[in-house]
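Let us walk through this protein model step by step. Keep the sequence and the structure side by side as you read.

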Amino acid sequence: MAISCVLPLPKLTLHFPCMKSSRHTIALFSDSFLGEYQTIIRTAVENVAREQDLNFQFIVGRELDSPILNYRIQNSLYEQISAERFSGIIVSAGSLSNYCGAERITSFCREFAPIPICSIGIEIPSIPSIVMHNQSFHQLVEHLAVKHGRKRFAYIGGPKSNHEAQTRRSTFLQTLQSLNIPFDPELEIFGDFLLQNGFDAALKLLARQKPFDALVVANDDMAVGALAALKKRDIRVPEEICITGFDDMSEARFALPKLTTMRQPFEQMGKLAVDLLLRQMKGEPVPMLSKLSPQLVVRQSCGCSGITAAPNTQAAPGTPSKLPPTIAQQVQLEAILLSQINISESTYNGWASRLVEALFEELNENNGAFVLALRHIVVQSGNNPWVMDELQNAVSYLRAHFQRDITRYSGDVDNLWHQARMTLFDMLAAQHMEERLALIRANKILVSRSIDPKPDKSSRKRVLEIIIKELHSIGVHNAVVSTFKDDRCKRLECIVAIRHGIHLKDEPMVYPAEWILPDFMHDHSRHSYIVFSLTNGPERLGILALEAGIADNYYEILAEYMSSNLKLLSLYQSQQQQLRQEAKQRQRAMELQHRQKLESLGVLAGGIAHDFNNMLSAMAGNLDIIHLDLPEDHPSMDPLLECRSVVKHATGLVRQLLAYSGKGKLMVTRVELNQLLQDLEKFLRLAVSKNVALKFSLHSNLPPVEADPAQIQQIFVNLVINALEAIESCRGCDDDKRTITIETDVAGLDAQYFTTTISKEPLQAGSYVIARVRDTGSGIDTSLLEQIFDPFFTTKFTGRGLGLAAVLGIIRGHRGSIRIHSEKGKGTTFEIAFPKLASPSEQPKSITSVPPKKGTGTILIADDEPAVLKAGGRLLKTLGYGVLEVGNGQQAIDMVQEFPNVIHCVILDITMPGTGGIAAMCEIAKINPAIPVVLTSGYSEEQAFNRNADVQPAAFLQKPYNRDSLAKLLQQVFSKEN
């Protein structure tokens, strides 16, 4: 091992994860749980973690920047991990960087700073790195050129972006140059370390018809593929073309012929990586670069037998039986086995000494000890096929070693070697059959335990039961299955948790996705978990974390199996959510239908009241005229007075209809706002949903205001309903923060304040009573704030959009103001300011009523109702005015056009067919702006005074009106004009 650039680490303040256990946790990031490269490193790291009493998590993603979409989705697991949850991280950079360059893998590793980190396979600046001394690759080239005399070389390289592949290629070219062997660039081709690439690359090389007698391949997978391509073209290996690989994976050992390659010390890499992490965690200096040298392994694919000739260790002649070995002979033979056979002495607990002792015992006593020792070593390795293959090489070596000296021992020695080989062969065949049966069993489980993809109410429970049963059946004692709780994949919900073989309580637990495991899985016992993403195409479903120890070939199938079950859960949850949404929509539709009925009744009531007001206007006017003409002692005076009383009563009923429709004239009185809200509280609580809190915060000493109580109540009803709808439409609102608050206050407001409000006219600075309605709903988009008070504007899929418009109309009618503050996703506040009612000593003195004065001048009156028109004309005549009567707005315009200097005032009904009163007023202002215009209507005066209109009337006359109210209004109009 070469170590370079030993540097002390900078002093870092490390924040280890706060868990129930104080034990440190290390992680290994890799691209697969099936590859032999990944498996050996993982096993080595896990073994050291067990020895050092460390928690271990094997985080499995895919190659960075992989062209496969599903792989890129699985790599999002790396993005969600919080480095603070680990005490140290080992990154298998060599396997993760097949599709990305050194710069990308460097930035990836640095994302997890400042915790201790180690890179395997790629040198990363300022991060301790363990790499292969790929320059040892020259041994392969020299072996082929010197040992076998090969002169025409071809080369299949790895991905151009892969750092290790680049180093191997440059070493290959430099070695040929040092041997003075020319290299034809046409005999070079690149792959991506996969078997199929090697097969295709070899066929392409042969198609170029450039002869070569040696094929050097950058890894074993591609070499095995190339070997298959040569066989397909009937090219003999190694007689015509010899071939070599790199890594010494199981594919190399079981190929036909067996593959000559370079063996990487994967186990040593894993152990060294953990040692580097532990030293960093203690604050000790560590080497920034550690280089390990691979070992040349010669086999049949280059023309070698694969067995090194045994040294001449023949002992002195002696008796042919019962000859015990000397200690020196035994130690010498053990050392030779350890140097020739790639089985770690520390991992398998003195296998070489046990095997040599058993062999000498067998040769002297013929008791089956040697075969039994072979079996024990295989079982201890977990029936590892790689160990079985190495033991086959050991048997071949021992046979060659003892061949010259076999007559000194008793027993059938040739049969011993045969039994040993057959034992290993039988165990290898049994292992392959067991793996095959496991795959078949797993596939059967997927089919037999699948459930109907159309979920019902019991689907979720059945899916969870199946997951738990399957985990138990394969011997998993600790596992977590979690699904993503939100679209941004920031929170996980643990749906299955098994700890020490016990399924924990069924209540789901939601926790941050960066934790990977919920805290309750971190108890005082040490754990080792394999963690990987569960996906369905481009969809992230969740994660699965389970203890290491099950068969490696089961992980891939288990991942697919769990993903399919989580997809079923997702379908179930989506269906249930859809059913709940449909139920809410039905409820909202019913509520909307009810509201629309009330609105329709309001429109109907307003229309009836308007028409009825016209009739009452004609009746009241004519009754006033009759009353003037009759003497007090006239017999008809009593019936007349009764008729006037009935008209007055009918006028009260019409006003109630107009108040219901929101179009009535204000009926102002002294109002205690707090008392009004307390009276309204019961009704508001009935209107608000149970999952929304309604709160009141009322000022203890609130001054009264002058207002219409019914309309003030209408303000708060509309605003509360508006707030309720905003909360119900807020998808991200927390259930415990769904609140509507009504506040009252008193404050001194300056002129600057009113520049931020909406009012009928600029208000004066002074003391005002404040009312606020706050909600924690979805908020209002800034672009919509200027439109929310416009009539018929709405963001709802249905509705008339009159609620806030009515609120604004009522506030303006009360000489108040309103302003709004809203933040998207945080809520909205409506703030209303009413003028404070003056104290009794400050109130103006009442004015004694005086009889109306006789008027002078000509008045034009326009109304589409003939009875109202005639009654109004008669009342004006009794007041001394000259009268011109027309039936619509256009006739009024024409009359003013004809007599612009004769008409002194115009009275226009607002709602007339064709040209209405407001449009006629605007045209009259163009003809002669000096003529005052009075608008009259059965509705409220808000229609007359439009804040956006360029022309305003001189006054408004509410129907039905009598002679006194008409006289007073005209006196005020003419006094203003004068």
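**A parallel sheet and a helix pair**

In this predicted model, Val906 has a bridge partner in β31, namely Val933. That bridge belongs to a strand pair. Strand β30 spans residues 905–909, and strand β31 spans residues 933–937. The two run in the parallel sense and share four bridges. A helix joins the picture here. Helix α26, residues 917–927, packs on the sheet and touches both β30 and β31. The direction of α26 makes about 155° with that of β30.

Now step back to the whole sheet. Strands of a sheet pair through backbone hydrogen bonds, either parallel or antiparallel. Here five strands form an open sheet, and the pairing is parallel. Their order is β29-β28-β30-β31-β32. Which strands stand at the edges? They are β29 (882–886) and β32 (955–958). Each has a single partner strand, so one side of each is left without a neighbour in the sheet. On average, neighbouring strands of this sheet are turned by 20° against each other, direction ignored.

Next, look at two helices. Two packed helices are described by the angle between their axes and the distance between the axes. Helix α12 covers residues 327–340, and helix α13 covers residues 351–365. Their axes come within 9 Å and cross at roughly 130°. That angle makes α12 oblique to α13. The crossing of α12 and α13 is right-handed.

Which residues of α12 meet α13? They are Gln330, Leu333, Glu334, Leu337 and Leu338. Across from them, α13 brings Trp351, Ala352, Ser353, Val356, Glu357 and Phe360. By class, this contact has seven nonpolar, two polar and two charged residues.

How values were computed: Residues numbered from 1 in each chain as written. Predicted model: local features only at pLDDT ≥ 70, side-chain atom pairs only at ≥ 80, totals over all residues. Heavy atoms only, no water. Pairing = 2+ DSSP bridges. Axes fitted to C-alpha atoms, helices over the stretch in contact; angles between N-to-C directions. Contact = heavy atoms within 4.5 Å. Parallel < 35°, antiparallel > 145°, perpendicular 65-115°, else oblique. Left-handed = near helix turned anticlockwise from the far one by under 90°. Nonpolar A, V, L, I, M, F, W, Y, C, P; charged D, E, K, R; others polar.
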